[in-house]
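Hi,

Here is the structure I promised to send over. Have a look at it first, and my notes on what turned up follow below.

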Amino acid sequence: MGRCALPPLLRYPTVDELSARAATLVTRHPHRARLRRVGTSRAGTPMWLLSVGRGTRQALVVAGPHPNEPVGGATVLRIAERALADPRFTEDVDTTWNLLLCLDPDGSRRNEDWLAGPYTLGHYFRHFFRPGFLEQPEWLPDGAAAAALPETRALLALQDELRPFFQCSLHGVDVGGGFVELTRDLPGLAERVARIAGRLAVPRELSPYDTLYWPRLGPAVYRIPPPRRGDLAAAITEAAVESTWYHPHRYGTLTAVVEAPMWGVAAVEDGSPSPDAHAVLRTVSRALRRDTRLLEGILARVRPSVSRGPDAARLLAPVDDYVLVGPGLADAWDPDVHDGTARPLPPLDTARLTTLAISGRRVALRTAGLLHQLVTRAGHDPAGALPELNRLLDEWCADYRDRYGARWIPVARQTEYQTRVVLAAFELAARRAHGTPARGEPHPESRSGEPEWSSEPAVPMHRE
């Protein structure tokens, strides 16, 4: 392992570990790496930018926009190591890498109860945190000029300062597969994603719920539509408002959103036809409608006793969001509900039906997990909700495991997958920006310098 590399991460790093490891890289490479504070979170946590290289072209990578998706922190450290070890990623392509270590450090701290494991679905959903829609720093529901969150303003200022030719937002899929969303097409990326995913035994999500009505650029690669005005429910489910993904579009920036799965499900890349798609949709939509009603009842019972507890407002906001969108999703998917306003679903194969089923279950599980935290942190349970919440969490997590075959993907493999996809997109964007192949063409699928990675196929997920 070269001098630029840090000990490999076998678990997700915390906010403090991210900044400490970045500082170590700067100490080892003071002339090629720099660390500066670019903002401060609502709770007073510094927001750090690690820059590698001295090129005139700027690449910006944003980790931690959703705090329950922590793989991005490990990925930015890996990208920094790769850039420091290989001039083909910096000097040879006249590029500086700007790596924002964590966009939502406060939210990330709230996830630290599960970051170190054990990596089980039950432990994750009982301890995860994801803020309400209006507190997610990538969204601009009222436009950039009215951005309220200091984290959002810090990112907007950074985008306006750097005017990057390439921007990447690092996300994670808790259960499902990997995919990429682009503000502009990158010909060749779908083939690279397929090759990377195949070598690392990471399933590709061929019909993600997020991209249900978006243009498909290739298998597991989708184009983000320009923002439009819509109501809150549409914004949550379709990213229909302005965002920091599109803010630097005026500078010619290409943005890639790279999603890496935590628990993989093989069926999300199964394009075979379903024998009775409408029956599956009825089952999924009715389950979501039933689960939402059940969780609404629990919420009504516990709200009086938990609303003044620690972090109650922050935890109740996403619960209210999920309860809001659940019935609408169920109606949109139910073939027996025809109100003349819903958009028809795209063609339904096994992959898309599996994704919709996983997405419906995700809404219920996140709601139950946050309710569990609310009651636990309140320190008392006069409504007697905890036994019921524990039963539901156990039952629904078992459904993910047993019905859908959800299997944990080790953190090192998640990181390697996301790193390789980012570097593949970067190389193609660099070619696009110049109209010619980048000099000293980087090879994003080459070995990372860690001896355990090779070009041989990984152990199949179901046998791991």
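The accessible surface of the protein chain comes to about 17600 Å², and carbon and sulfur atoms make up 53% of that area. Please keep in mind that this is a predicted model. The chain has 464 residues, of which 61% count as buried. Its secondary structure consists of 13 helices and twelve strands. Among contacts with a separation of 6 or more, 81% are between residues 24 or more positions apart.

The largest nonpolar core contains 115 residues, and Leu-50, Trp-97, Phe-166 and Leu-189 have the most contacts inside it. Helix α11 (residues 350–378) supplies the largest share of this core, with 13 residues. There is also a second, separate core of ten residues, including Leu-49, Ala-154, Leu-155 and Leu-158.

Leaving out residues up to four places away in sequence, Trp-97 touches Leu-50, Ser-51, Val-52, Ala-59, Val-61, Ile-79, Ala-83, Phe-89, Thr-90, Val-422, Leu-423 and Phe-426. Most of α13 is covered, with 20 of its 24 residues buried.

Strand β4 covers residues 95–100, and six of its six residues are buried. In a regular strand, side chains alternate between the two faces of the sheet. In β4 both faces are covered: Thr-95, Trp-97 and Leu-99 are buried on one side, and Thr-96, Asn-98 and Leu-100 are buried on the other.

Strand β4 has these pairings:

- With strand β2 (residues 46–52), β4 pairs in the antiparallel sense over four bridges; here Asn-98 is the bridge partner of Ser-51.
- With strand β3 (residues 57–62), β4 pairs in the parallel sense over six bridges; here Trp-97 is the bridge partner of Ala-59.

Strand β2 is itself largely enclosed by the rest of the structure, because five of its seven residues are buried. Strand β2 also pairs with strand β1 (residues 33–40), in the antiparallel sense over seven bridges. In that pairing, Arg-37 stands opposite Trp-48 in β2. The two strands β1 and β2 form a hairpin with five residues between them, and Gly-44 in the turn has a positive phi of about 90°.

Is Ser-169 buried or exposed? Its relative accessible area is 2%, under the 20% cut-off, so Ser-169 counts as buried. Apart from residues up to four places away in sequence, Ser-169 touches Val-62, Pro-65, Glu-138, Trp-245, Ala-256, Val-257 and Val-258. Ser-169 and Glu-259 are 90 residues apart in sequence, yet their C-alpha atoms are 8.7 Å apart in space.

Two of the cysteines are out of solvent reach by the accessibility values: Cys-168 is buried at a relative accessible area of 0%, and Cys-397 is buried at 1%.

Finally, a few backbone details. Most residues other than glycine have a negative phi, and most peptide bonds are trans. These places depart from that pattern:

- Asp-94 has a positive phi near 50°. Asp-94 lies in the loop between α2 (71–85) and β4, and counts as partly exposed at 34% relative accessibility.
- Ala-220 has a positive phi of about 70° although it is not a glycine. Ala-220 lies in the loop between β8 (216–218) and β9 (221–223), and counts as buried at 0% relative accessibility.
- Gly-117 and Pro-118 are joined by a cis peptide bond, with omega about 0°. Pro-118 sits in the loop between α4 (112–115) and α5 (121–127).

Happy to go through any of this with you.

Best wishes

Conventions
Residues are numbered from 1 along each chain as its sequence is written. This is a predicted model: local features need pLDDT of at least 70, side-chain atom pairs count only at pLDDT 80 or more; totals for chains, interfaces and linings use all residues. Side-chain values use heavy atoms; hydrogens and water are left out. Buried means under 20% relative accessible area, exposed over 50%, partly exposed in between (1.4 Å probe, protein chains only). Contact means heavy atoms within 4.5 Å. Accessible areas come from the Shrake-Rupley method with a 1.4 Å probe; for residues, only the protein chains shown count as cover. A nonpolar core is a set of buried Ala, Val, Leu, Ile, Met, Phe, Trp, Tyr and Cys residues joined through side-chain atoms within 4.5 Å. Two strands pair if DSSP finds at least two bridges between them.
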